Amino acid sequence: MGFNRVTVLSSVCSVLLLGTRQVAGVLADDYTVGEVHWSTCSGDAVDGAECGYAIVPLDYTDPGAGVAKIALARYNATSSDRKGSVFINPGGPGGPGLEWATAGGPSMQKLLGEGWDIIGFDPRGIGETEPATKCFSSPDARQAFLANTVLDRGYDVAPDAADPGNRYHLIEQQREANALYQAQFALCKKNFGDTARYMGTTLVARDIDYITTLLDGKDALINFYGLSYGTAMGAYIANMFPDRVGHIVLDGVLDVEDWTALPVYKRLRDYTAGTDGTYKEFASECAKAGPSGCALAKQENESADAVLSRVDAFLDGLYSEPLPVPEATLPGILNSGRAKVYLLEALASSSQWSAVASALDQAIAGNGTRMLNTLNSPDLVDLERSAVTCNDIGAMDPPTAEAVVDEVVDVYQKESRLAFAMLTGEPDMGCEYWPFTPPERFTGPWNATLKNPLLIISNTNDPATPLASGKRALERQGKSSAALLIQDGPGHTSLALTSTCTAGAMRAYFTNGTLPAEGTVCAVDEHPFPTAEKANKTVLLAEAPQADEELVQHLRALGDLLLHHRV
């Protein structure tokens with residue numbers, strides 16, 4: 001998973017397009033299955049990168065269904081000892097991936113090894129891949145549909161969640177959301193047709209298997225690095241093709257059993273297991289940094305509870321008195337629902353917590369421009385995320401609004417007060433109304449014995465994919481087929497803060513398959529808040545001068561790709 005507004009940069013690589021016809025979104029017979037084409041990338045691609053596409057079956061169970069054109073980018077191995085291809089998925093679902101080769105290729109090779117071709121790709125329905133998800137006539141039409149609805153403004157939750165009036169208000173908001181889900185999916189049926197059924201992680205896993213053969217040969221093993229939702233993709237690949245696993249890393253683990261078996265509102269208890277821990281660490285690190293390093297800290301040696309109380313009071317106050325924001329790019333209001341979505345998503349970007357604290361402090365003082373501008377920067381262009389999520393989960397009866405609200409209120413009270421923010425910050429709800437059935441849907445089992453073990457990485461405090469999910473993934477896959485590395489730091493995935501220890505473990509794994517010893521915990525190399533002496537940049541810890549500074553810069557570049565433009 002990946003927060004809706006915390007995402008990779010938009011693609012700078014345009015795939016070479018030949019004149020094609022499309023029928024209901026399905027590519028016509030202008031291409032041959034198995035065709036691979038490479039050409040020069042447009043835009044500011046790094047030297048050594050190339051862009052293109054692979055033609056794959058639209059439906060692996062029906063050769064007559066047509067084809068899909070998967071957008072690819074490749075940063076070629078810079079060592080004469082070429083090892084093969086590594087596919088990169090940064091999460092989402094819905095995030096394009098070409099830039100992980102066209103811009104991030106050199107940094108990925110520094111992390112994984114110079115002998116690997118780094119493959120960025122746009123999964124089905126996403127980015128430059130065809131057919132593209134086309135439920136709305138344009139991205140602007142989608143934004144107009146969402147504007148000032150509960151899906152845009154978030155859920156307003158009263159300071160006292162147990163107040164009976166709060167329950168009534170939340171049920172009304174949930175009924176509005178349900179009607180919106182029904183309307184947008186009806187539009188998808190009308191405008192996109194049954195092409196939407198050919199999206200989803202099962203078919204993307206088959207695409208990676210198929211393209212690996214095209215690029216590296218029929219006996220080649222699959223190598224993959226997935227972050228956030230990309231860990232679900234990696235789990236599909238590993239368990240659908242266990243005899244083909246080469247090197248697979250799952251970084252920031254989404255619980256794949258929850259993903260395929262539970263409605264979204266029933267997943268929140270697991271999803272939010274690390275959210276409040278991350279929030280508390282945000283406040284603790286802010287208090288340690290003091291006023292010179294964190295705008296939310298008002299005096300030296302202030303307690304973390306004082307910082308938390310300041311932010312919580314602001315969020316609660318917005319419930320009854322939203323903040324007018326006339327100077328935003330899209331002027332409007334900052335209500336409690338929107339503000340909590342901002343906070344939830346910002347917790348993922350721990351390298352940017354200083355900027356987050358500054359934006360929150362400005363809003364507390366009456367200027368919510370930075371926060372609202374961030375919230376008004378959409379990263380999805382259509383229903384490409386729903387096309388993946390809903391095809392993965394399968395059909396189920398719609399719950400009542402009361403059932404949804406009662407479950408999430410319980411999570412709110414027992415796990416995280418940002419639980420309702422996750423309903424819109426992670427826009428996966430409403431699949432009960434999805435009108436399509438995919439040709440196939442893999443639902444496990446998730447415990448296959450693998451040809452080569454995979455590597456799982458989890459942070460101690462991750463607001464979206466908690467450490468508990470990584471531990472469950474290890475238990476499920478088994479210690480003969482997986483190992484777990486824990487990174488001792490906050491944020492979403494190991495790229496949230498640099499860790500040369502984690503990077504070294506990944507390099508060793510991709511070099512010769514070496515796994516970290518059981519119980520390995522890697523420290524991070526930087527603080528999320530600056531010190532007084534270096535007030536405008538992230539500060540390396542004391543041991544960092546001995547670290548590989550070039551590696552640190554490459555890790556920061558990858559972190560910028562993953563967690564960019566959202567503070």
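How many salt bridges does a search of the whole structure find? The search finds 33, a salt bridge being a side-chain nitrogen of Lys or Arg within 4 Å of a carboxyl oxygen of Asp or Glu.

The model is predicted: local features need pLDDT of at least 70, side-chain atom pairs count only at pLDDT 80 or more, and totals for chains, interfaces and linings use all residues. Residues are numbered from 1 along each chain as its sequence is written, and side-chain values use heavy atoms, with hydrogens and water left out.

**The whole chain**

Begin with the chain in cartoon view. The chain holds 20 helices and 14 strands, taken as DSSP runs (H or I, at least four residues, for helices; E, at least two, for strands) and numbered from the N terminus. The C-alpha trace spans about 60 × 60 × 45 Å along its principal axes. Of the 567 residues, 60% count as buried; buried means under 20% relative accessible area, exposed over 50%, and partly exposed in between (1.4 Å probe, protein chains only).

**Helices H5 and H16**

Select Arg175 and Glu402 next. Their side chains meet in a salt bridge, at 2.8 Å from N to O. Arg175 belongs to helix H5 (residues 164–192) and Glu402 to helix H16 (residues 401–414), so this pair ties together parts that are 227 residues apart in sequence. Arg175 is partly exposed at 41% relative accessibility, and Glu402 is partly exposed at 26%.

**Helices H16 and H9**

Remain on helix H16 and select Glu407 together with Arg269. A salt bridge joins the two side chains, with an N to O distance of 3.1 Å. Glu407 in helix H16 and Arg269 in helix H9 (residues 264–271) are 138 residues apart, and the pair links distant parts of the chain. Glu407 is buried, at 16% relative accessible area, whereas Arg269 is partly exposed, at 26% relative accessibility.

**Helices H9 and H18**

Now select Asp270 and Arg472. The closest N and O atoms of this salt bridge are 3.8 Å apart. Asp270 lies in helix H9 and Arg472 in helix H18 (residues 467–477), so the pair ties together parts that are 202 residues apart in sequence. Both residues are partly exposed: Asp270 has a relative accessible area of 25%, and Arg472 has one of 24%.
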